[in-house]
Amino acid sequence: MREIKLLVIHHSDSPRGTTRKDVKDWHLARGFDDVGYHRLIRLPDDEGSVEIVEGRPEKVIGAQSKGNNRKYLGLCMLGDFEKYSVPPRMWDAAVGVLAGWCLEHKLDPFEAVQGLSLIHI
C-alpha cells in the first residue's frame, strides 16, 4: 500500500445536483482514466440528505494535483461554493470521511488536511 501524507479537499465548481457520472465525464474528456477523486460528497436535489459517493479506489493514485498524486487522497465536495456556502450537513460528511482517513493512515488532521490551493508544489 502506498504511503498517504495529505488529504486534499476540492470543490467541483458545478451546480447543485452534480453526479459522479458528471464528474467522470468531465475527467474522461480531460484524458483521465476515471473520476480523479477518491470520494465525492454531493447534495441530491432534496434538501435533507447528503451522499458520500465512491470515486477511484483508494489504492489507485488519484488525479488531483499533477505530479503529486502518489501521496494524496482526494475528496471533492460537489457544488459551487463561490456562489453559496457549504451546508453544515456537507461539512459533517466531509469531516467523517477525513477523520476516517486520518485514523486509517495515522495522520495528524491539522497537518494532513488541505485545500488544493494550499498545497505547495
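Strands, in the sense used here, are DSSP runs of at least two residues, numbered from the N terminus. The model is a predicted one, and strand E1 is the element in which Leu6 is found. Leu6 counts as buried because its relative accessible area is 13%, and, leaving out residues up to four places away in sequence, Leu6 touches Lys71, Tyr72, Leu73, Glu111, Ala112 and Gln114. Between the C-alpha atoms of Leu6 and Gly55, which lie 49 residues apart along the chain, the separation is 17 Å.

**Strand E2 and its partners**

Strand E2 covers residues 39-42, and its side chains are divided between two directions, with Arg39 and Ile41 pointing one way and Leu40 and Arg42 the other, although all of them are buried. Strand E4, by contrast, runs parallel to E2 and is joined to E2 by three bridges, and here Arg39 stands opposite Leu75.

In the loop between E3 and E4 lies Asn69. Asn69 is counted as buried because its relative accessible area is 10%, and its contacts, again without residues up to four places away in sequence, are Arg2, Ile61, Gly62, Ala63 and Gln64.

**Helix H2**

Helix H2 is made of 18 residues and reaches 26 Å from its first C-alpha to its last, which is close to the 26 Å expected at 1.5 Å a residue. Its buried residues are Met90, Ala93, Ala94, Val97, Leu98, Trp101, Cys102 and His105. An α-helix has 3.6 residues a turn, so residues three or four places apart point the same way. The cover over the buried residues of H2 includes E1, E2, E3, E4, helix H3 and strand E5. Just after H2, Lys106 takes a positive phi of about 55 degrees.

**Nonpolar cores**

The largest nonpolar core holds 19 residues, among which Leu7, Ile41, Leu75, Met77, Met90 and Trp101 touch the most other members. E1, E4 and H2 each supply at least two residues of this core, and the largest share, seven residues, comes from H2. Met90, when its neighbours within four places in sequence are set aside, is in contact with Ile41, Arg42, Leu43, Val50, Met77, Leu78 and Phe81. There is also a second, separate core of seven residues, which includes Val23, Val35, Leu40 and Cys76.

**Aromatic side chains**

How many aromatic pairs does a search of the whole structure find? The search finds one, formed by Phe81 and Tyr84 in an edge-to-face arrangement, with 5.3 Å centre to centre and 75 degrees between the planes. Arg16 lies over the face of Tyr84, at 4.7 Å from the ring centre.

| Residue | Relative accessibility | Class |
|---|---|---|
| Phe81 | 18% | buried |
| Tyr84 | 24% | partly exposed |

How values were computed:
Residues are numbered from 1 along each chain as its sequence is written. This is a predicted model: local features need pLDDT of at least 70, side-chain atom pairs count only at pLDDT 80 or more; totals for chains, interfaces and linings use all residues. Side-chain values use heavy atoms; hydrogens and water are left out. Rings of Phe, Tyr and Trp (its six-membered ring) pair if their centres lie within 6.5 Å; planes under 30 degrees apart count as stacked, over 60 as edge-to-face and the rest as tilted. Buried means under 20% relative accessible area, exposed over 50%, partly exposed in between (1.4 Å probe, protein chains only). A charge sits over a ring if NZ of Lys or CZ of Arg is within 6 Å of the ring centre and within 35 degrees of the ring normal. A nonpolar core is a set of buried Ala, Val, Leu, Ile, Met, Phe, Trp, Tyr and Cys residues joined through side-chain atoms within 4.5 Å. Helices (H or I, at least four residues) and strands (E, at least two) are DSSP runs, numbered from the N terminus. Contact means heavy atoms within 4.5 Å. The expected span of a helix is 1.5 Å times one less than its number of residues. Two strands pair if DSSP finds at least two bridges between them.
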